[in-house]
Amino acid sequence: MSDVSIVADVTGLNGSPSLDGLHHSVPVPPASAGFWRQWRAFSGPAFLVGVGYMDPGNWGTDLQAGATYRYDLLWVVALASLMAVVMQLIAARLGVVLGKDLAQACRDFYPKWTRWPNWLACEAAIAACDLAEVLGSAVALNLLFGIPLFWAVIITAFDVLLLLALQGLGMRMIEAVILVLVGTIGGCYAVEIFVLPQTQPDFLDMGRAMLTPTLGKDGMVVLAIGIIGATVMPHNLYLHSALVQSRRVNTDAPAIRRAIRFNSLDTVAALSVAFLVNAAILVLAAMVFHGRDGVTVRDGVTFTFGEETDWIRVAYLTLAPLLGTAAASTLFAIALLASGQSSTITGTLAGQVVMEGFMHWRLRPWVRRLVTRSVAIVPAIVIIGLRGDGSVTDLLVLSQVVLALQLPLAMFPLLHFTSSRARMGQFRNGWFLLGAGWLSAVLITALDFYGLPDALRKAWVVMVG
């Protein structure tokens with residue numbers, strides 16, 4: 001079999017499902033089964049998508065927000081997480097009710113001329129997300145083995161081999177291992193925030209920051225857009241609408257209603273965990289880094305900060321008060337590498353979904369992975385080669401801004417389809433999802449337009465120094 005095969009271009013509604021090997025692969029118990037048995041059967045897709053909400057792109061934007069503006073952008077993390085929950089609930093509903101992912105629905109219901117621009121925009125978002133995985137994995141390799149960042153970036157080009165090896169363990173095992181690692185980081189942060197006196201935040205100040213939104217300081221708008229892009233992530237809307245179809249759900253109304261209910265529980269649980277981790281990263285960055293010229297950890301080592309500090313590369317210091325510098329560096333690097341590789345897997349799956357859905361093309365996963373990584377790695381190599389190691393956080397934030405700019409192209413079609421009685425029947429969006437969904441889409445789009453000039457200036461600075 002060749003590595004590239006073109007699926008027959010079927011017009012109408014009869015295209016083959018995306019992610020063919022996963023489609024209807026998980027049986028679900030009958031409605032008479034207990035709650036927990038049904039929960040276990042339906043849980044998984046949202047947690048697989050949710051791991052992408054704790055990737056190096058999120059860590060980079062949260063770290064810079066806390067280190068630069070203290071708690072001032074905590075409200076953006078909360079709002080972005082809420083909007084992500086709303087949009088993922090709607091994406092899951094689309095997949096369950098229509099039996100199509102978002103890319104297939106766009107292909108089937110919109111004019112033919114929209115396929116190419118929609119697909120290319122999705123590919124740009126996936127490449128931008130993969131750029132964050134490249135940088136996060138490179139920083140992890142640098143912390144673990146002392147490999148210079150430039151060469152660590154090049155090494156990440158070969159992670160396709162690691163991906164193939166990991167896939168042999170099965171998707172659930174991979175995600176279980178990664179969630180344990182990320183959960184360990186989250187547990188350490190929880191201890192620091194609620195137990196250790198030297199890193200306990202001012203909860204009154206946190207509450208005040210959550211209730212008084214502001215974007216008045218220089219650079220806030222671009223970083224806020226980056227946080228939204230890192231959190232809502234357009235390609236995850238396509239992926240989630242495909243992954244929910246891995247459950248073998250009957251097409252009668254009670255079965256569809258049950259699937260929507262359990263997928264909604266799965267989504268809220270997974271993205272709540274992601275919000276807590278992201279908020280903890282921002283808060284600890286504010287406590288450890290904001291307003292300080294440096295920090296001395298418990299083993300007597302002093303680190304000096306300045307305007308050019310690359311926060312993602314010193315992020316492990318947020319764990320140093322609890323674990324000590326050496327242990328914090330190792331644990332943080334392992335979790336960062338795990339989150340990068342996990343998001344690599346979800347990015348590859350999302351790439352398959354949009355390519356198969358929009359264009360009816362299929363690539364073997366390793367070819368798909370190699371193409372995406374090649375597109376992402378070139379700007380990282382060029383900019384780090386020219387500007388040196390101090391540009392990682394800037395590149396991370398810029399990659400997430402690209403995601404935010406692509407979001408309207410995913411959100412508006414999703415809302416259009418799921419708000420239609422003709423398409424969704426009795427399962428179209430209710431008043432809450434209808435209002436919250438459209439408000440989220442309009443707000444993100446307005447913020448994109450408002451922040452576009454600053455984003456372009458930031459991009460120019462990142463590229464030329």
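1. Start at His360, which sits in the loop between α15 (325-359) and β6 (361-363). Is His360 buried or exposed? His360 counts as buried, because its relative accessibility is 7% and the cut-off for buried is under 20%. Keep in mind as you look around that this is a predicted model. The backbone here deserves a glance too: phi of His360 is near 55°, a positive value in a residue other than glycine. Most residues other than glycine have a negative phi.

2. Met233 is another residue to look up for its backbone. Met233 is not a glycine, yet its phi is positive, at about 50°. You'll find Met233 in the loop between α11 and α12 (234-243). With a relative accessible area of 1%, Met233 is buried.

3. Now step back to the whole protein. How many helices and strands does the secondary structure come to? The count is 19 helices and six strands. Of the 465 residues in the protein, 57% are buried. If you take contacts between residues at least 6 apart in sequence, 84% of them join residues at least 24 apart.

4. On to the nonpolar cores. The largest one has 137 residues. Those with the most contacts inside it are Leu73, Leu102, Ile228, Tyr238, Phe289, Leu317 and Phe358. Apart from that core lies another, of five residues, and Met233 from point 2 is among them, as are Ala125, Cys129 and Leu403.

5. Leaving out residues up to four places away in sequence, Ile228 touches Val76, Ala80, Met83, Met233, Leu407, Ile444 and Leu447. Met233 turns up here again, as one of the residues that Ile228 touches.

6. Have a look at how two helices pack. Helix α4 (residues 74-98) and helix α11 (residues 220-232) meet at an angle of about 35°, and their axes are 9 Å apart. The crossing of α4 past α11 is right-handed. On the α4 side, the contact is made by Val76, Val77, Ala80, Ser81, Met83, Ala84, Met87 and Gln88. From α11 come Ala224, Ile227, Ile228, Thr231 and Val232. What kinds of residues make up the contact of α4 with α11? They divide into 10 nonpolar, three polar and no charged.

7. Helix α5 (residues 102-109) is mostly covered, with seven of its eight residues buried. The buried ones are Leu102, Ala103, Gln104, Ala105, Cys106, Arg107 and Phe109. You've already met Leu102, as one of the residues with the most contacts inside the largest nonpolar core. Which residue caps the N-terminal end of α5? That is Asp101, with a side-chain oxygen 3.0 Å from the backbone nitrogen of Ala103.

8. Arg258 has its place in helix α13. Along the chain, Arg258 and Ala31 are 227 residues apart, while their C-alpha atoms are separated by 7.9 Å. Setting aside neighbours within four places in sequence, Arg258 is in contact with Val28, Pro29, Pro30, Ala31, Gln38 and Phe42. Two of these partners come with polar contacts. The Arg258 side chain reaches the backbone oxygen of Pro29 at 2.9 Å, and a polar contact of 2.8 Å joins it to the side chain of Gln38.

9. Thr267 is found in helix α13 (residues 253-288). Thr267 counts as buried, at 1% relative accessibility. Not counting residues up to four places away in sequence, Thr267 touches Ala46, Val85, Gln88, Leu89 and His240. Gln88 also takes part in the contact of α4 with α11.

10. Thr418 belongs to helix α17 (residues 392-418). Thr418 is buried, with a relative accessible area of 0%. Its side chain reaches the backbone oxygen of Leu414 at 2.8 Å. Not counting residues up to four places away in sequence, Thr418 touches Ile90, Leu94, Met424, Arg428 and Asn429.

11. Last stop: Val382, in helix α16 (residues 365-387). Val382 counts as partly exposed, at 44% relative accessibility. How far apart are Val382 and Phe150 in sequence and in space? They are 232 residues apart in sequence and 9.4 Å apart in space, C-alpha to C-alpha.

How values were computed:
Residues are numbered from 1 along each chain as its sequence is written. This is a predicted model: local features need pLDDT of at least 70, side-chain atom pairs count only at pLDDT 80 or more; totals for chains, interfaces and linings use all residues. Side-chain values use heavy atoms; hydrogens and water are left out. Buried means under 20% relative accessible area, exposed over 50%, partly exposed in between (1.4 Å probe, protein chains only). Helices (H or I, at least four residues) and strands (E, at least two) are DSSP runs, numbered from the N terminus. A polar contact is a pair of N or O atoms within 3.5 Å; within protein, one must be able to donate a hydrogen and the other to accept it, and residues adjacent in sequence count only if both atoms are side-chain atoms. Axes are lines fitted to C-alpha atoms, for helices over the stretch in contact, and angles run from 0 to 180 degrees between N-to-C directions. A crossing is left-handed if the near helix is turned anticlockwise from the far one by less than a right angle, and right-handed if clockwise. Contact means heavy atoms within 4.5 Å. Ala, Val, Leu, Ile, Met, Phe, Trp, Tyr, Cys and Pro count as nonpolar, Asp, Glu, Lys and Arg as charged, and the others, Gly among them, as polar. A nonpolar core is a set of buried Ala, Val, Leu, Ile, Met, Phe, Trp, Tyr and Cys residues joined through side-chain atoms within 4.5 Å.
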